[in-house]
Amino acid sequence: AQQGAKNVLCLKIRGEVFARKCLAGPVFKPFDKIIVDVPCSGDGTFYVNDCAGYSHWSLKFMREIAIQQRKLLSSALKLVKKGGIVLYSTCSVNPEENEEIIDSIIMENNNISPIPVHEFFEKQGVIKPPLMSWNKATRSFMVNKCRRIYPSQSFEGFFLSLLSVS
């Protein structure tokens, strides 16, 4: 209620399963907005002197979690009405969990457009543009509307992308 939401639904169910059940149901009413705060490798929250905090991390783990993230985001985008919005966020700073997922979603779906999020964070002074290229690959120009926040004394690292469905 404090954020102005009039109808909020909280469930404990895998996002992909929820999406399938919604879409298969007899009467499905698409959502206006969805927040997809995906499970992630958490590399934006690592502290150098706390080995236990990142002992779980590996390239294999990160790549496996990126597959799950993409499935969750794709599922959410199917549940949003035309003109609806999906906020995708991670507490990671690596491109495989962030820009790469957003870029592939944009390139595969001509009805998905990123909305610039930088104006919401410019005053904080910590937000940075996304990575437009890595591993010798260049990403879609539209990815530049996403933002990443690198870890600092004030913030843990994270990534944000606001997507509109048309």
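How far apart are the axes of α2 and α3, and at what angle do they cross? The axes come within 10 Å and cross at roughly 40°. This is a predicted model, in which local features need pLDDT of at least 70, side-chain atom pairs count only at pLDDT 80 or more, and totals for chains, interfaces and linings use all residues. Residues are numbered from 1 along each chain as its sequence is written, and side-chain values use heavy atoms, with hydrogens and water left out.

**Overall fold**

- The protein chain has four helices and eight strands. Both are DSSP runs numbered from the N terminus: helices are H or I with at least four residues, strands are E with at least two.
- Along the sequence, the pattern reads α-β-α-β-α-β-α-β-β-β-β-β.
- Of the 166 residues in the protein chain, 39% are buried. Buried means under 20% relative accessible area, exposed means over 50%, and partly exposed lies in between (1.4 Å probe, protein chains only).
- Among contacts with a separation of 6 or more, 72% come from residues 24 or more positions apart. A contact means heavy atoms within 4.5 Å.

- Two packed helices are described by the angle between their axes and the distance between the axes.
- Axes are lines fitted to C-alpha atoms, for helices over the stretch in contact, and angles run from 0 to 180 degrees between N-to-C directions.
- At roughly 40°, α2 is oblique to α3. Angles under 35 degrees count as roughly parallel, over 145 as roughly antiparallel, 65 to 115 as roughly perpendicular, and the rest as oblique.
- The crossing of α2 past α3 is right-handed. That term applies if the near helix is turned clockwise from the far one by less than a right angle; anticlockwise makes it left-handed.
- On the α2 side, the contact uses A66, Q69, R70, L73, S74 and L77. On the α3 side, I101, I102, S104, I105 and E108 take part.
- By class, this contact of α2 with α3 has six nonpolar, three polar and two charged residues. Ala, Val, Leu, Ile, Met, Phe, Trp, Tyr, Cys and Pro count as nonpolar, Asp, Glu, Lys and Arg as charged, and the others, Gly among them, as polar.
- Helix α3 (residues 99–108) is mostly covered, with seven of its ten residues buried. These are E99, I101, I102, D103, S104, I105 and I106.

**Helix α1 with α2**

- Helix α1 (residues 15–24) packs on helix α2 (residues 59–78) at an angle of about 25°, with the axes 9 Å apart.
- The two helices are therefore roughly parallel to each other.
- Here the crossing is left-handed.
- G15, E16, A19 and L23 of α1 meet K71, L72, S75 and K78 of α2. The contact of α1 with α2 divides into three nonpolar, two polar and three charged residues.

**Strand β8 and its partners**

- Strand β8 (residues 158–165) is mostly covered: six of its eight residues are buried.
- Strand β2 (residues 80–90) runs antiparallel to β8 and is joined to β8 by six bridges. Strands pair if DSSP finds at least two bridges between them. S89 has L160 as its bridge partner in β8.
- Strand β3 (residues 112–115) also runs antiparallel to β8, with four bridges. P114 is bridged to L163 of β8.
- Strand β7 (residues 147–149) pairs with β8 in the antiparallel sense over three bridges. I149 stands opposite F158 of β8.

**Strand β3 and I112**

- Side chains alternate along β3.
- I112 lies in β3 and counts as buried at 4% relative accessibility.
- Beyond residues up to four places away in sequence, I112 touches L77, I105, I106, L163, S164 and V165.
- I112 and K82 are 30 residues apart along the chain, and their C-alpha atoms are separated by 9.8 Å.

**K33 in strand β1**

- Is K33 buried or exposed? At 64% relative accessibility, K33 counts as exposed.
- K33 is found in strand β1 (residues 31–37).
- K33 and L163 are 130 residues apart in sequence, and 9.9 Å apart in space from C-alpha to C-alpha.
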